[in-house]
Amino acid sequence: MPKLALLTAYGGPIELAEFPLTTPAPGTAALKLRMAGICGSDLHIFRGELPLPCPFAMGHEMVCEIAELGDGLTTDATGQPLKVGDRVVTPYFWTCGQCHACARGRSYACQNLMAGEFRTQARPPHFVAAHGEYYYTTRRQPLYKVPEDLADEAVAPLNCALAQVLFALRDVRLGDTVVIQGAGGLGINAAAVARTAGAAEVIVIDKISERLDVAADFGATRCINADGISTAQVTEQVHKYTGGIGADWVLEVVGVPNVIPDGVGFLNNGGTLLEVGNVGMGRTFELDPSRLVYGNKSVRGVMLYDPVTLAIGLSFLQRTSFPFTRLMPKPFHLTDVNAAFASADAGLVPRGALVP
Ligand SMILES: [Zn+2]
Ligand SMILES: [Zn+2]
């Protein structure tokens, strides 16, 4: 029987459970996994930093192929016909379509996220997460067909990492300056997105030089190694690269609260800090709020995305030439899922990958 990775306790181990395949419900699809990513959120869950019950089905970042289509599902969200074997991506979440936020066109801020179809591996269709051999969609998860010329390695991070930064940076305009705090999977994707959006400077900050080398290949115009230097020195460099005034945008993808006050210090007047990385709960930071008031600076939380971001992301991957396949250097086999998590948890790779 096909397998699904379950976190048995915070910190591991992860065990492979077996479940039977079922016929997909009308309007849904049974998908066969081709490649899955291990993202920062997976690591937060793995470490017990999110209040999720164990055993927990791991993974949400993936590219799949259609194994079986439920009744009535004949096309993807852009009208392209679908058949068994087609590669597809889908959002890992779904929204209610009926709450105030959804009705106002902000479905990414849905007040009833995943409502009505809460799923657990304990009940059919069992395959409710990406670190396994199959994944079943719900009726509220649109599919987007993957163009043939894109490699699995490039597409696997789309439905989380790449879509998240595409959506976070959606208001960046030609000539803006962007600082990215953290050159992990999100930060590297973000550099490519910001550069493609026409940012005049894309300044990436990290403490690991190997990560900054990768960022330089993904559109970063300046890299700052913050290892061993003070926040004041980093701020000085940011100002040097932004005409002495600071950046229009700061994207926080380190996932550590105390870099947020640093980020506010990198902003120009009217600038916005995009807070994406801190998905772990219960941790805090200190900030003098007058630093926001003087200069009309903002902090904007960003989570999830409009599903159409996946179509934008596929187009972005097709039409830009960043070496995306480099971000997924050596996938682990699903049977080595514990080694894959250990490697990703140690920060040895920009992003862990699993293949069934
Ligand atoms: Zn809603
Ligand atoms: Zn993720």
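**Reading the labels**

Analyst: We can start with the metal site: the zinc ion (ligand 1) is coordinated by the SG atoms of Cys96, Cys99, Cys102 and Cys110, at 2.3 to 2.4 Å. Bear in mind throughout that this is a predicted model.

User: What makes the arrangement of the four donor atoms around the zinc ion (ligand 1) tetrahedral?

Analyst: The angles decide it: four donors count as tetrahedral if all angles lie between 85 and 135 degrees, and the four donor atoms here subtend angles of 104 to 119°, so the arrangement is tetrahedral. In sequence, the donor residues follow the spacing C-x2-C-x2-C-x7-C.

User: Why is Cys96 called buried, and why does Cys102 count as buried?

Analyst: Buried means under 20% relative accessible area. Cys96 has a relative accessible area of 13% and is therefore buried, and Cys102, at 12% relative accessibility, counts as buried as well.

User: Why is His44 described as buried, and which residues is His44 in contact with?

Analyst: His44, which is found in helix 1 (residues 40-46), has a relative accessible area of 8%; since the label applies under 20%, His44 is buried. Leaving aside neighbours within four places in sequence, His44 is in contact with Glu49, Leu50, Gly277, Val279, Gly280 and Arg283.

User: How do you know that the largest nonpolar core lies between domain 1 and domain 2?

Analyst: The core has 55 residues, of which Val89, Leu169, Ile180, Val204 and Leu251 touch the most other members. Several elements each supply at least two residues of this core, including strand 9 (177-181), helix 5 (185-196) and strand 12 (247-252), while the largest share, eight residues, comes from helix 4. Domain 1 (3-157 + 328-354) and domain 2 (168-301) both give residues to this core, and therefore it lies between them. As an example of contacts, Leu169 touches Val178, Ala190, Val193, Ala194, Leu251 and Leu274, not counting residues up to four places away in sequence. Apart from this core lies another, of 16 residues, among them Ile205, Phe266, Leu267 and Leu292.

User: What makes strand 2 and strand 4 edge strands?

Analyst: The open sheet of three strands has the order 2-1-4, with antiparallel pairing, and strand 2 (14-18) and strand 4 (56-57) are its edge strands, as each pairs on one side only. Strand 1 (residues 3-7) pairs with strand 2 in the antiparallel sense over five bridges, where at least two bridges are needed for two strands to pair. Lys3 stands opposite Glu18 in strand 2.

User: Which peptide bonds are cis, from Gly12 and from Cys54?

Analyst: The bond from Gly12 to Pro13 is cis, with omega near 5°, and Pro13 is placed in the loop between strand 1 and strand 2. The bond from Cys54 to Pro55 is also cis, with omega near 0°, and Pro55 is found in the loop between helix 1 and strand 4.

Note on methods. Residues numbered from 1 in each chain as written. Chains lettered and ligands numbered in written order. Predicted model: local features only at pLDDT ≥ 70, side-chain atom pairs only at ≥ 80, totals over all residues. Heavy atoms only, no water. Core = buried A, V, L, I, M, F, W, Y, C linked by side-chain atoms within 4.5 Å. Buried < 20%, exposed > 50% of the residue type's maximum accessible area, 1.4 Å probe, protein only. Helix = DSSP H or I, 4+ residues; strand = E, 2+ residues; numbered from the N terminus. Domains from an automatic or database assignment. Contact = heavy atoms within 4.5 Å. Donors = N, O, S within 2.8 Å, 3.2 Å for Na, K, Ca; no water. Tetrahedral: all angles 85-135°; square planar, octahedral: opposite > 155°, others 65-115°.
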